[in-house]
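Biologist: Thanks for sitting down with me over this one. Could you walk me through what the model shows, starting with the charged side chains?

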Amino acid sequence: MTTATIDSKSKNMLILGSIALLALVIGVYWPVLCWLVSVWLEFSDYTYGFLVPIFSAYLLWDRRDMLKLDQLKGSYWGIPVILLSVGASVYCDYWFIPLVQAWTIVSMVGGLVLLVGGWHAVRWAWPSVAFLFFMAPLPQNIAGLLGEHLRAIGTTVSVFVLQTLGLPAIAEGNVIVLSNSELGVEDACSGLKMLMLFFAACVGAAFYLRNRDPLIRILVAISAPPIAIISNVARITITAFVYEQVSKELGDRIFHDLAGWLMMPIAMGLVWLETALLDRLFVVPEREAPVALGARFVGPMPTIEGRTRSPSAIPPGRGNE
């Protein structure tokens, strides 16, 4: 039996084993996967969840130059990670904690990558695996901590923008009173749940910009809160403008029902503008070519007798005499 035949059988076994492990993951996580899809379909703020696995796969393809097939070597350390993930998933399924169960998908996929491809595969795939975290919705306890502050900021800034544009607007708590109607920030666009979308967009951009300066990538990753505020102020302002100039029904239909799809391009546009600005603020200077010792003078150099000689003819160590 030749080496090529052995390698071919090894690859076939690797493919079959990967398919079997994938079937195991789908079987274990089928209930929580159905729950995630229902959340994405039912709540417009989480419709971006359908794009998370697609972008994770794109990150794998974008980082394909880092993957060396001859360095792939499975690690048994993936087995305890997989067993812990399965155990946590079963526990969460028994006590009906779907959010935590959804998070265990990340550790399960990471364990499979470690088991099949080893640490080399982990270094290649970890951004894609970590990005799967954004499939899950925002936890309620975090929502309670951040909600009131985001609503207050969104209401205050939106009223200022509307008054600057010449529209009559007054803030009464978290309600914007217009001339013909009222716009409740809690119901219309608090921006609370959209934080996950903005964090997903910013972190995904930081993963994608792997050739940028590390400082730029860090600033992009942590810029989700200000981008969320700017985007939701724009959303509230446009909704109020439609309320006043067109009709309340049209504002509700466009900016409430389609909010999840409309906010994603706004978020990505703001991230693109931020990246372009940071590229101009943090300019990396080009390095000058190193100057060889004894080559400070370019061109012919005079000698004592008046004759000339090239720099290459100078004895070593005597270039600066």
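Predicted model: local features only at pLDDT ≥ 70, side-chain atom pairs only at ≥ 80, totals over all residues.

Biologist: Which parts of the chain does the salt bridge between arginine 210 and aspartate 62 tie together, and how many residues apart are they?

Modeller: The side chains of arginine 210 and aspartate 62 meet at 3.6 Å, N to O. Arginine 210 sits in the loop between helix 7 (194-208) and helix 8 (214-221), while aspartate 62 belongs to helix 2, so the pair ties together parts that are 148 residues apart in sequence.

Biologist: And aspartate 65: what is the N to O distance in its salt bridge with arginine 210?

Modeller: Aspartate 65 is in the loop between helix 2 and helix 3, so this pair ties together parts 145 residues apart in sequence. Aspartate 65 is partly exposed, with a relative accessible area of 46%, whereas aspartate 62 is buried at 18%. The salt bridge from arginine 210 to aspartate 65 has an N to O distance of 2.9 Å.

Biologist: How many salt bridges does the count come to, and which residue forms one with arginine 212?

Modeller: The count comes to three salt bridges. Arginine 212 lies in the loop between helix 7 and helix 8, and its partner is in helix 11, 67 residues apart. The closest N and O atoms are 3.1 Å apart, and the partner is aspartate 279.

Biologist: Helix 11 also holds glutamate 274. Which side chain of opposite charge is nearest to glutamate 274?

Modeller: Glutamate 274 is in helix 11 (residues 259-281). Leaving aside neighbours within four places in sequence, glutamate 274 is in contact with Leu219, Val220, Ser223 and Ile227. Glutamate 274 is buried yet has no salt bridge, and the nearest side chain of opposite charge, 11 Å away, is arginine 212.

Biologist: Where is tryptophan 95, and is it buried or exposed?

Modeller: Tryptophan 95 is in the loop between helix 3 and helix 4. Its relative accessible area is 53%, and the cut-off for exposed is over 50%, so tryptophan 95 is exposed.

Biologist: Phenylalanine 96 is in that loop as well. What is its phi?

Modeller: Phenylalanine 96 lies between helix 3 (78-94) and helix 4 (98-131), and at 64% relative accessibility it counts as exposed. Although phenylalanine 96 is not a glycine, its phi is positive, at about 50 degrees.

Biologist: How far apart in space are lysine 73 and valine 116?

Modeller: Lysine 73 is in the loop between helix 2 (51-62) and helix 3, and it is exposed, with a relative accessible area of 67%. Not counting residues up to four places away in sequence, lysine 73 touches Val116, Gly117 and Gly118. Lysine 73 and valine 116 are 43 residues apart in sequence, and their C-alpha to C-alpha distance is 7.2 Å.

Biologist: Finally, the whole chain: what share of its residues count as buried?

Modeller: The secondary structure comes to eleven helices and five strands. The chain exposes about 19,400 Å², with carbon and sulfur atoms supplying 68% of it. Of the 321 residues, the share that count as buried is 37%.

Technical notes. Residues numbered from 1 in each chain as written. Heavy atoms only, no water. Helix = DSSP H or I, 4+ residues; strand = E, 2+ residues; numbered from the N terminus. Buried < 20%, exposed > 50% of the residue type's maximum accessible area, 1.4 Å probe, protein only. Lys, Arg positive; Asp, Glu negative; His and termini not counted. Salt bridge = Lys/Arg side-chain N within 4 Å of Asp/Glu carboxyl O. Contact = heavy atoms within 4.5 Å. Areas by Shrake-Rupley, 256 points an atom, 1.4 Å probe, with all protein chains shown as cover.
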